[in-house]
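Welcome! Take a moment to look over the sequence and the model below, and then we will walk through them together.

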Amino acid sequence: MNKYIATGNLVREVEMTYTAGGLAIFKNCIAVKDTFKKDTTYFHNFTAFGKTAETMANFMHKGSKVLIEGQLTQSSYEKDGQKRTSTDVIVDRFEFLDSKKDGASNGQTGQSNTRSS
């Protein structure tokens, strides 16, 4: 089983892209604090597709607190002549965790089974 669940804050400003076929893609990163090492923060890249991507992009901003749930994927690429790998979370489900006063949408949950390879 490949299951990833984490709570963190959005690291970058929101940017939405679309495939040639019109599929929405939202890529960003969350900062997750380590519960045991108080001075340690981990950064996890994630990607959402379809309606999930559109909902996240419309209601989130840099610093938004969110829970994401999905599957880990790993890809390889070459940069400056060196082979590298990256790990990404493909979001299946999420929850807004900001309070109403922070401009969140009342803790709504978004889900989507639409994915593109």
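Which side chain makes a polar contact with the side chain of D88? The partner is T47, and the two side chains come to 2.6 Å of each other.

## The model at a glance

What you see is a predicted model. Averaged over the protein chain, pLDDT is 87, and 85% of the residues reach 70 or more. One stretch calls for some care: over residues 103-117, pLDDT stays under 50. For that stretch the model has 30 contacts beyond four places in sequence.

The protein chain contains one helix and seven strands. Of the 117 residues, 36% count as buried. Looking at contacts between residues at least 6 apart in sequence, 50% join residues at least 24 apart.

Helix α1 covers residues 50-59, and its buried residues are G50, T52, A53, M56 and A57. Why do these residues line one face of the helix? Viewed down the axis of α1, the buried residues fall within an arc of 155°, so they line one face.

The face turned away from this buried side carries the exposed residues K51 and N58. K51 counts as exposed because its relative accessibility is 65%, above the 50% cut-off. Along the chain K51 is 26 residues from I25, and the C-alpha atoms of these two residues are separated by 9.2 Å.

## D88, a buried charge

Now back to D88, which you can find in strand β6 (residues 82-96). Does D88 sit buried or exposed? D88 is buried, yet it has no salt bridge. The nearest side chain of opposite charge belongs to K27, 5.7 Å away.

D88 does have polar partners. Besides the polar contact with the side chain of T47, a polar atom of the D88 side chain lies 3.3 Å from the backbone nitrogen of F46. Leaving out residues up to four places away in sequence, D88 touches N45, F46, T47, Q71, L72 and T73.

## A network of salt bridges

How many salt bridges does the structure hold? There are three, and K3, E69, R93 and E95 are linked in a network of them.

Let us start with K3, which is located in the segment before β1 (4-10). K3 forms a salt bridge with E69, with the closest N and O atoms 2.6 Å apart. Since E69 belongs to strand β5 and K3 to the segment before β1, the pair ties together parts that are 66 residues apart in sequence. Setting aside neighbours within four places in sequence, K3 is in contact with E69 and G70. With a relative accessible area of 49%, K3 is partly exposed, whereas E69 is buried at 13%.

E69 forms a salt bridge with R93 as well, and here the closest N and O atoms are 3.1 Å apart. E69 is in strand β5 and R93 in strand β6, so this pair ties together parts that are 24 residues apart in sequence. R93 in turn forms a salt bridge with E95, with the closest N and O atoms 2.8 Å apart. E95 is partly exposed, with a relative accessible area of 25%.

## A loop residue to look at

Finally, take a look at D80, in the loop between β5 (65-79) and β6. The phi angle of D80 is near 55°, a positive value in a residue other than glycine. Is D80 buried or exposed? At 69% relative accessibility, D80 counts as exposed.

Terms used: Residues numbered from 1 in each chain as written. Predicted model: local features only at pLDDT ≥ 70, side-chain atom pairs only at ≥ 80, totals over all residues. Heavy atoms only, no water. Buried < 20%, exposed > 50% of the residue type's maximum accessible area, 1.4 Å probe, protein only. Helix = DSSP H or I, 4+ residues; strand = E, 2+ residues; numbered from the N terminus. Arc of directions from axis to C-beta. Lys, Arg positive; Asp, Glu negative; His and termini not counted. Salt bridge = Lys/Arg side-chain N within 4 Å of Asp/Glu carboxyl O. Polar contact = N/O pair within 3.5 Å; in protein donor to acceptor, adjacent residues only side chain to side chain. Contact = heavy atoms within 4.5 Å. pLDDT = per-residue confidence, 0-100.
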